[in-house]
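This briefing covers a single protein chain, with points grouped by topic. The sequence and structure come first.

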Amino acid sequence: MSKLGNLGHKLHRGEVSYDFVGKRRIWYGISILITIAAVLGLAVNGLKEGIEFSGGAVFTTPKTTMSVSDVQNKISGDTGGHDATVQKLGTGSVRIQVSGISTDASKEAQDKIATSLKMPKAQIDAEIVGPSWGKEISQKALEGLIIFLVLVVIYLAIAFEWRMALAALVALLHDLTITTGVYALVGFEVTPGTVIGLLTILGYSLYDTVVVFDGLKEASKDITKQSKFTYSDIANRSLNSTLVRSINTTVVALLPVAALLFIGGGLLGAGMLNDIALALFVGLTAGAYSSIFIATPLVADFKEREPQMKTLRKRVLAKRASEAAKAEQGDEPAGSVVDGEDGLDDEGEGAAATAGVVGQRTQGAGAGSRPARNQPPGRGNRSRNRPSGKRR
């Protein structure tokens, strides 16, 4: 078996564990910094909307030997003052996108571009999108996203509980913010392919989160009937047991996405592949991170505020302190503890109560198991443990 497989079995059985939940403040800090960078990117650069959202025209030329810079220089005055984005496609053709241009102006721009590039107008494909259609698409995409998030929260609240639903919603919003921030920083256009990619990565992120929540729900049944683990302990064990599974799922999903992004979009120049692949690549990575470092620690934070869980935590910590005190006293020479007050600690009520219980047990055990040092053996035992006279 591979080392990763052995690690997965050890994590599942609880033989190896990393304290993700206990170090949640570190993960929260990292997420806040990344989110702030994403928000700043959105505020400074903004999203570069494609023509499907802003309206405009796309002109695709036949195969040509001209470079992107040559085409850019030749058509610089043909777009009526509108910015033109030129991209070389894998087939050898050139894609010219002009945003914000009207339908009438686009027809005139097509004529000028054909003349400047010395190509027949009939061989230049033109795709014109009006701004009203783009606004309608934007509104529908936003409505679909809101409906998706609402349905997710309702489902998780019914299947699990509202705290898990709230934690999953925070994780999904975290993934959306980071992905859109990367789009703003990189400068890629937001197209319908981007929306498809965002909805897809939300599904992946939600899948990993639900897997952990399902294990946590099963492991936390009747949690208040024991005194060995707190809710955070059980949440951390559930997270560790599914850690390798989450990593494997994410890596397997990222491999084809990376091929789309770096080969299909980068080498072959397929613009639509870039839009979808970047959203998937960033979103899958952010989703795996949020499922491990955000969603489950948040659930533990929410649950630890419940009165029952607070009582459980006090009971578990008191038991652990009691066991630690027993272990320390077991290492001391015999007779070093004479009564219960020797084990008291003035630093807190929990430690004092725990040490007092241990001291009383030690006193009782000492009185019943060995005679006093200055008392003759036998007399004290006989008088304490059995009748001194004959049975009549």
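**Briefing: helix packing and selected residues**

The side chain of N240 reaches the backbone nitrogen of Y18 at 2.9 Å, a polar contact being a pair of N or O atoms within 3.5 Å, where within protein one must be able to donate a hydrogen and the other to accept it, and residues adjacent in sequence count only if both atoms are side-chain atoms. The model is predicted, so local features need pLDDT of at least 70 and side-chain atom pairs count only at pLDDT 80 or more, while totals for chains, interfaces and linings use all residues. Residues are numbered from 1 along each chain as its sequence is written, and side-chain values use heavy atoms, with hydrogens and water left out.

**The chain as a whole**

- The secondary structure comes to 14 helices and six strands; these are DSSP runs (helices H or I, at least four residues; strands E, at least two), numbered from the N terminus.
- Of the 392 residues in the chain, 38% are buried, where buried means under 20% relative accessible area, exposed over 50% and partly exposed in between (1.4 Å probe, protein chains only).
- Among contacts in the chain with a separation of 6 or more, 74% are between residues 24 or more positions apart; contact means heavy atoms within 4.5 Å.

**Helix α9 and N240**

- Helix α9 is mostly covered, with eight of its 11 residues buried.
- The buried residues of α9 are Y231, S232, I234, A235, N236, S238, L239 and N240.
- N240 is found in helix α9 and counts as buried, at 1% relative accessibility.
- The C-alpha atoms of N240 and S17 are separated by 6.1 Å, although these residues are 223 residues apart along the chain.

**Packing of α8 with α9**

- Two packed helices are described by the angle between their axes and the distance between the axes.
- Helix α8 (residues 192-219) packs with helix α9 (residues 231-241) at an angle of about 135 degrees, and their axes are 9 Å apart; axes are lines fitted to C-alpha atoms, for helices over the stretch in contact, and angles run from 0 to 180 degrees between N-to-C directions.
- α8 and α9 are therefore oblique to each other, given that angles under 35 degrees count as roughly parallel, over 145 as roughly antiparallel, 65 to 115 as roughly perpendicular and the rest as oblique.
- The crossing of α8 and α9 is right-handed; a crossing is right-handed if the near helix is turned clockwise from the far one by less than a right angle, and left-handed if anticlockwise.
- On the α8 side the contact is made by V212, G215, L216 and A219, and on the α9 side by Y231, I234, A235, S238 and L239.
- By class, the contact of α8 with α9 has seven nonpolar, two polar and no charged residues, where Ala, Val, Leu, Ile, Met, Phe, Trp, Tyr, Cys and Pro count as nonpolar, Asp, Glu, Lys and Arg as charged, and the others, Gly among them, as polar.

**Packing of α7 with α8**

- The axes of α7 and α8 are 10 Å apart, and the two helices pack at an angle of about 150 degrees.
- That angle makes α7 roughly antiparallel to α8.
- α7 passes α8 in a right-handed crossing.
- From α7, the residues M164, A167, A168, L172, D175, L176, T179 and Y183 meet T194, L198, I201, L202, S205, L206, T209, F213, L216 and K217 in α8.
- The contact of α7 with α8 divides into 12 nonpolar, four polar and two charged residues.

**Two residues of α7**

- R163 has its place in helix α7 (residues 162-186) and is buried, with a relative accessible area of 16%.
- The side chains of R163 and E161 make a polar contact (2.8 Å).
- Leaving aside neighbours within four places in sequence, R163 is in contact with V299, F302, K303 and E306.
- T177 lies in helix α7 and counts as partly exposed, at 22% relative accessibility.
- T177 touches T35, A38 and V39, not counting residues up to four places away in sequence.
- From C-alpha to C-alpha, T177 and I34 are 9.3 Å apart in space, and they are 143 residues apart in sequence.

**Positive phi in loops**

- K118, in the loop between α5 (103-117) and β5 (125-129), has phi near 60 degrees, a positive value in a residue other than glycine.
- K118 counts as exposed, at 77% relative accessibility.
- D222, in the loop between α8 and α9, has a positive phi of about 55 degrees although it is not a glycine.
- D222 counts as exposed, at 52% relative accessibility.
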